[in-house]
Amino acid sequence: MSAVVPNPSDRLGRPLADLRISVTDRCNFRCTYCMPREAFGASYRFLPRSEILTFEELSRLLGLFVDRLGIRSVKVTGGEPTVRADLPTLIRMFREAAPEIDLSKARPAEWVHDRNVAKFLTDLHVKRQAAKSRESTAA
């Protein structure tokens, strides 16, 4: 097992403690910092579904980032919940893999329309982060 990277930082010397994990490359939003329309238009070829990371692979990566790099805050991204089937299962796996992290969901309004999902997120202490409308537009 590899050692923990002491105080990882970006090229400007800022500490790295936050991570965004996208659960799909087929996000139905076009956030300007992540999937600008100019690069991800109608002709963009997304990965075949067989090449998208499994829930187990995503959870393992999260555990490695937390254990080896000291990540303490994770924001789950990737569109509304129907873009990736059974997303609450993945959130549960994330919580089990790293119970101490600050876990939040980008664009929470897309999830809370379903009372069952909203209750599930609350039960797992997933924070609802406010989306900035100027950062994205719906696809």
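Ser59 lies in helix α1, helices being DSSP runs of H or I with at least four residues and strands runs of E with at least two, both numbered from the N terminus. The model is predicted, so local features need pLDDT of at least 70 and side-chain atom pairs count only at pLDDT 80 or more, while totals for chains, interfaces and linings use all residues. Residues are numbered from 1 along each chain as its sequence is written, and side-chain values use heavy atoms, with hydrogens and water left out.

With a relative accessible area of 9%, Ser59 is buried; the term buried means under 20% relative accessible area, exposed means over 50%, and partly exposed covers what is in between (1.4 Å probe, protein chains only). Apart from its neighbours within four places in sequence, Ser59 is in contact with Leu90, Met93, Phe94 and Ala97, where contact means heavy atoms within 4.5 Å.

Two of these partners, Leu90 and Phe94, are named again in the largest nonpolar core, which has 18 residues. Such a core is a set of buried Ala, Val, Leu, Ile, Met, Phe, Trp, Tyr and Cys residues joined through side-chain atoms within 4.5 Å. The residues with the most contacts inside it are Ile21, Leu62, Val74, Leu90, Phe94, Ile101 and Leu103. Two or more residues each come from β1 (18-22), α1 (55-69), β2 (73-77) and α2 (87-97). Helix α2 gives the largest share, five residues. In soluble globular proteins, nonpolar side chains tend to be buried together.

The chain as a whole holds three helices and four strands, in the order β-α-β-α-β-α-β along the sequence. Of its 139 residues, 36% are buried. Among contacts with a separation of 6 or more, 73% link residues 24 or more positions apart. The accessible surface comes to about 9,000 Å², with 54% belonging to carbon and sulfur atoms; these areas come from the Shrake-Rupley method with a 1.4 Å probe, and for residues only the protein chains shown count as cover.

Strand β1 can be read side chain by side chain. Strands β1 and β2 run parallel and are joined by five bridges, and two strands pair if DSSP finds at least two bridges between them. Within this pairing, Leu19 stands opposite Val74 in β2.

The loop between β1 and α1 contains Leu47, which is partly exposed at 37% relative accessibility. Leu47 and Arg26 are 21 residues apart along the chain, and their C-alpha atoms are separated by 8.4 Å. Beyond its neighbours within four places in sequence, Leu47 is in contact with Asp25, Arg26 and Ile52.

There is one aromatic pair. Tyr44 and Phe46 form it, edge-to-face, at 4.9 Å centre to centre with 75° between the planes. Rings of Phe, Tyr and Trp (its six-membered ring) pair if their centres lie within 6.5 Å; planes under 30 degrees apart count as stacked, over 60 as edge-to-face and the rest as tilted. Both members are partly exposed, Tyr44 at 35% and Phe46 at 23%.

The structure also holds one salt bridge, a side-chain nitrogen of Lys or Arg within 4 Å of a carboxyl oxygen of Asp or Glu. The side chains of Arg14 and Asp10 meet in it, 2.6 Å from N to O. Arg14 is partly exposed at 48%, and Asp10 is partly exposed at 22%.
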